[in-house]
Amino acid sequence: MTETLDPEDRKIITLARSARARNAVPEGAAVRDETGRTYVAGTVALDSLKLSALRTAVAMAVAGGAKSLEAAAVVSEAATVPEADRAAVRDLGGPETPVLLAGPDGTPHTRLLAG
C-alpha cells in the first residue's frame, strides 16, 4: 500500500497488532464504529468455539451497541482476508467498509472493501 493512512486507520492497525502480540495468537483485529469507538480482539481457538480475530471484533462491536462500522483492520501473516471475515464486516458496516490487512510488523499491505 503506497497511500498514506489516516491516523484513525493507523490506530486500529496498532491496536490489532498489540492484541496479536499480547495474546500470542495468529491474528489480531480491530474495528471502529460509527461513533469512533474501537473494539479489539484476537483469534479465538477453543475446542468448542473457533473464531477469527476479525469476526470476534465485529461480534464485540455488535455486543457493545455499534450500529455501523467505519473501518476494520487485521494483523496477520495471511495474504488476504477470508470472505467469511469480510462478510461479518459487510453485515454491520456495508459493502464499502474498508478492511486493512497488515503484516505482523504492522505494515499495511492490502486495502479491501467488505463487499
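I began with strand β6, and I found that β6 and strand β7 (residues 108–113) pair in the antiparallel sense over 5 bridges, where strands count as paired if DSSP finds at least two bridges between them. I took strands as DSSP runs of E with at least two residues, and helices as runs of H or I with at least four residues, numbered from the N terminus. This is a predicted model, in which local features need pLDDT of at least 70 and side-chain atom pairs count only at pLDDT 80 or more, while totals for chains, interfaces and linings use all residues. Residues are numbered from 1 along each chain as its sequence is written, and side-chain values use heavy atoms, with hydrogens and water left out.

Next I looked along the hairpin of β6 and β7, where L101 stands opposite T110 in β7, and where G106 takes a positive phi near 90 degrees.

I then checked the cover of β6 (residues 98–102), and 5 of its 5 residues are buried, meaning under 20% relative accessible area with a 1.4 Å probe and protein chains only. P98, L100 and A102 lie on one side and V99 and L101 on the other.

Turning to strand β5 (residues 69–75), I noted that it pairs with β6 in the parallel sense over 4 bridges, and that A72 has V99 as its bridge partner in β6.

Last I looked up D85, which is found in helix α3 (residues 83–93) and is buried, with a relative accessible area of 2%. Leaving aside neighbours within four places in sequence, D85 is in contact (heavy atoms within 4.5 Å) with S52, L54 and R55.

Methods: Buried means under 20% relative accessible area, exposed over 50%, partly exposed in between (1.4 Å probe, protein chains only).
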